[in-house]
2 protein chains.
Amino acid sequence: MPLTSPDRTTGPLMVIGGAEDKLRKRTILKEFVSASGGADARIALIPTASSLGDEVVEVYDALFRRLGAGEVVPVRPQSREEAHDPDLVKAVGEATGVFMTGGNQLKLSAIICGTPLGDAIVEAHERGAVVGGTSAGASIQSSHMVAFGVGGATPKQRMTQVAAGLGLVKSAVIDQHFDQRNRYGRLLMIVAQSPQLLGIGVDEDTCALITVEEDADEVPHEVLRVIGRGSVTIFDPASIVSNAHEAKRSSPLLASGVLLHVLPAGAAYDLTTRTLVPQPAAIDPEDAAELAEAQRDMRQLARDIAAADASPAALRRRLARTRTKIGPNPDPLEGPVS
Amino acid sequence: MPLTSPDRTTGPLMVIGGAEDKLRKRTILKEFVSASGGADARIALIPTASSLGDEVVEVYDALFRRLGAGEVVPVRPQSREEAHDPDLVKAVGEATGVFMTGGNQLKLSAIICGTPLGDAIVEAHERGAVVGGTSAGASIQSSHMVAFGVGGATPKQRMTQVAAGLGLVKSAVIDQHFDQRNRYGRLLMIVAQSPQLLGIGVDEDTCALITVEEDADEVPHEVLRVIGRGSVTIFDPASIVSNAHEAKRSSPLLASGVLLHVLPAGAAYDLTTRTLVPQPAAIDPEDAAELAEAQRDMRQLARDIAAADASPAALRRRLARTRTKIGPNPDPLEGPVS
């Protein structure tokens with residue numbers, strides 16, 4: 001499919017599936033503050049989606065400051081009119097990071113999208129600021145937004161509604177609380193009806209971090225990397241066969257040939273080429289040490305086998321010596337786990 | 001991938017996702033009785049999975065007789081020893097249909113698989129009898145069986161266990177109550193660990209009917225057709241990239257490049273070639289009548305356009321006549337739905 005190259009100057013997007021850890025490791029929020037500039041960060045905090053305005057502001061203000069953010073400015077329009085307020089627009093215009101909280105994404109789109117404040121968020125992204133959001137604040141980032149809908153694994157006609165989002169993630173629809181609220185069905189319904197969209201489902205306490213990276217030929221790609229406890233699920237419906245244009249009422253939909261990617265922390269997916277980015281195998285330090293020892297043993301075994309032909313007596317002496325020192329050695333060919 | 005041709009003589013398999021309708025349309029159970037031979041059917045009813053033995057026998061006995069089955073014989077071994085009982089083996093040996101109820105599939109495999117009774121079920125299938133089962137009775141039909149596990153959309157290491165099933169559906173693992181109990185994750189975990197298996201998830205009140213059909217070159221194929229209210233979900237992991245061999249404890253799994261097919265009633269999937277079977281578009285009679293009328297109107301419009309050039313006066317007269325008869329006609333180019 002035709003894909004335009006992303007702009008090199010755009011900032012990272014952090015698409016968080018809701019319920020990100022706020023008390024323990026805070027991996028995702030720490031990454032947001034750090035990407036926003038740490039002590040130099042000026043974070044515009046947009047709690048508009050939430051019905052708990054002040055409390056939400058207090059929580060994230062405390063969190064971001066605790067994690068070392070230089071400055072946190074609440075930006076809380078409660079109407080489209082307030083989303084024209086030059087002070088609020090200026091706060092976003094000067095931000096190094098913009099964070100949108102959870103709540104009702106239709107409230108967020110109703111108040112912000114297509115206003116000077118909405119435009120300021122898009123411009124912040126384009127000039128290189130970090131834009132992040134959780135739950136409703138995740139949904140709003142895609143061009144097409146899940147407005148609301150029901151749970152369930154099987155896609156059914158009319159189980160969900162689409163509205164327009166900010167469009168920071170283009171040609172995509174983002175869903176959140178994906179595992180926890182069983183949203184396979186509704187995201188599949190959307191891509192079955194709109195196969196030009198990539199479906200992106202983000203679990204709770206999980207973040208799709210989207211940045212522009214250059215390949216070996218210096219061509220920029222949009223790459224999605226996964227951070228946090230859960231997974232990011234991607235539906236690529238480019239080759240889908242579906243009956244979405246003729247399925248009646250609430251009947252189950254045909255959605256055949258969808259390419260599925262479930263990506264846990266550490267995995268990366270190239271949104272520009274729609275392919276998995278190969279990762280070096282993650283080996284934990286303990287395993288690495290064990291592996292190195294097993295490799296040494298194997299090399300010694302090879303030498304012992306060669307030596308046995310040359311001088312059996314010398315080998316017997318060496319083996320007796322080694323056994324005394326380190327005890328009977330398990331066969332290294334069996335490896336550290338068998 | 002190399003696939004062996006299925007045997008032409010094997011009987012249909014009915015893999016039912018649990019909670020099949022027993023009171024209203026009974027589409028699935030009706031199909032089972034009819035495929036078993038209707039008035040000539042001799043159905044061996046195996047309620048071994050259930051802890052409610054007698055009650056389950058009474059329900060299905062009443063159902064199958066109500067739906068016209070000639071004979072229903074309960075076959076209820078409660079131990080491996082009883083699964084050697086020649087009377088029970090004979091009942092299955094003479095059956096035109098075998099039905100296994102829901103319950104605990106590990107109980108079913110523990111008591112039946114690898115006994116003369118288990119062998120008799122496989123032989124019944126091979127000689128052309130219908131073998132059907134719901135819930136646990138569905139799981140047991142695949143070569144690899146989900147023993148138990150937890151729900152959730154995201155695949156995690158160790159979220160489920162595999163045991164050996166009857167192997168009527170080869171190189172596959174079947175899960176049931178798929179939509180209702182949110183079993184995407186556990187079925188994905190299994191195919192991530194065993195990418196030679198096809199994952200088949202069947203919703204409640206839904207049946208995967210598997211039969212051998214010949215293609216145009218008389219080559220037999222195993223074809224799965226969907227009956228009932230929900231969908232059958234298929235994971236084809238042939239090209240999967242996964243970290244299942246190295247993921248720790250209960251961490252989320254990488255499962256990238258899985259081909260996903262969600263198939264509602266009426267859809268068909270070729271298990272031999274692993275492709276969707278193209279279906280003629282299902283048009284309901286009312287739509288068909290409307291479409292035929294629109295086609296007539298379109299042809300008349302084309303004639304009117306041609307006639308207008310030849311004789312504008314004649315056209316005006318005809319249009320005036322038509323309008324009087326049937327009133328103003330909406331533009332047929334807009335179609336019946338717009």
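Contact here means heavy atoms within 4.5 Å. On that basis, 37 residues from chain A and 37 residues from chain B make up the contact between the chains.

A word on the ground rules. This is a predicted model, where local features need pLDDT of at least 70 and side-chain atom pairs count only at pLDDT 80 or more, while totals for chains, interfaces and linings use all residues. Residues are numbered from 1 along each chain as its sequence is written, chains are lettered from A in the order in which they are written, and side-chain values use heavy atoms, with hydrogens and water left out.

How much area is buried between chain A and chain B? About 2,600 Å², with carbon and sulfur atoms giving 55%; buried area is the accessible area (1.4 Å probe) that two parts lose on being put together, summed over both. In chain A, the residues losing the most area to chain B are Asp179(A), Leu260(A) and Val262(A), together 19% of what that side buries.

Next, the strands at the contact. Helices (H or I, at least four residues) and strands (E, at least two) are DSSP runs, numbered from the N terminus, and two strands pair if DSSP finds at least two bridges between them. β14(A) and β14(B), residues 255–264 in chain B, pair in the antiparallel sense over seven bridges. In this pairing, Ala255(A) stands opposite Val262(B).

Then the charges. A salt bridge is a side-chain nitrogen of Lys or Arg within 4 Å of a carboxyl oxygen of Asp or Glu. There are 24 salt bridges over all chains, and four between chain A and chain B. Here are two examples:

| Salt bridge | N to O distance |
|---|---|
| Lys156(A) and Asp179(B) | 3.2 Å |
| Arg186(A) and Asp175(A) | 2.6 Å |

Arg186(A) sits in helix α7 of chain A and Asp175(A) in strand β8 (residues 169–175) of chain A, so this pair ties together parts that are 11 residues apart in sequence.
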